[in-house]
Amino acid sequence: MERLDKLICSQSDITRTQAGRIIRAGRVLVNGQACRRPETKVDPEQDSLTVDGKPLTYRRFVYWMLNKPAGILCVSRDPNRRTVVDLLPPAEKHRQLFPAGRLDRDTVGLVILTNDGAYAHRLLAPRSGIRKRYLVRLDGPVLPAHVQAFAAGVELADGTKCLPAELKIIEDTSTALAEVEIAEGKYHQIKRMFGTIGLGVEQLKRCRIGALELDPALKEGECRPLKPSEIDLSLQNGVLFL
Ligand code: URA
């Protein structure tokens, strides 16, 4: 069972406050009866809901944006250690959510959790070419030659060839801050790519998937549902670095 206002805002682009207003105005019918109490508990699978006479079709699939902190495993479950799924609200636990794409334990930033396998596949399949952008603190300076090497596609130590990647210097210091954008997700890819140019990754944060940015209002460890428009954004490729 879910609160009516929470359910309506999770199924549309409106905020919880707006949902409350719509409900109190009598614009929401639950099983044909106007329900003016936002806190009413409804069963999204059983109860029929309309907003302004239009049926609200319940989406079985859910999508959450998480700002992953360091030290948390990016897997669905682990017998001993905390995982990204443990950071979701308890009410979501029954939905069998999993992270759409992995980050290392020490990597922070944007993770999408969902129970929609087809969506996760689209997001991750190399054929989709959805780009992921990372902010990287390095243990040395980034040189123009490194930018060119990434643009040409680096070859990892084991001979794996990477697709061309965009590398942009944000702070040109002896421990440079850079942004890097890749369209694939090989194991430890960013760390291994910098390894090929002799640089160690001190801190790594994923800040964007497709055209979807990590919400700056989310503190590390916090999560919130994605709006339908944001789900679409995650599947679009954003503008490349200038
Ligand atoms: N590349 C890495 O090396 N680590 C991550 O967590 C993500 C991309």
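Between which domains does the ligand lie, judging by the residues of the shell around it?

**View 1. The ligand lies between two domains of a predicted model.** Domain 2 (63–126 + 211–234) and domain 3 (131–209) both give residues to the shell around the ligand, so it lies between them. The domain bounds come from an automatic or database domain assignment, which also gives a domain 1 (2–55). Residues are numbered from 1 along each chain as its sequence is written. In this predicted model, local features need pLDDT of at least 70 and side-chain atom pairs count only at pLDDT 80 or more, whereas totals for chains, interfaces and linings use all residues, and side-chain values use heavy atoms, with hydrogens and water left out.

**View 2. The shell around the ligand.** Residues with a heavy atom within 4 Å of the ligand count as near, and those surrounding it are Leu103, Asp104, Thr107, Tyr134, His188, Gln189, Ile190, Lys191 and Leu204. Helix H5 (residues 189–196) gives the most to this shell, with three residues; helices here are DSSP runs (H or I) of at least four residues, numbered from the N terminus.

View 3. A polar contact here is a pair of N or O atoms within 3.5 Å. A backbone N or O atom of His188 lies 3.2 Å from an oxygen atom of the ligand, and for Gln189 the corresponding distance to a ligand oxygen atom is 3.5 Å. A polar backbone atom of Ile190 is 3.1 Å from a nitrogen atom of the ligand. The protein covers 95% of the 240 Å² of accessible area that the ligand has on its own, an area computed by the Shrake-Rupley method with a 1.4 Å probe.

Note on methods
A polar contact is a pair of N or O atoms within 3.5 Å; within protein, one must be able to donate a hydrogen and the other to accept it, and residues adjacent in sequence count only if both atoms are side-chain atoms. Helices (H or I, at least four residues) and strands (E, at least two) are DSSP runs, numbered from the N terminus.
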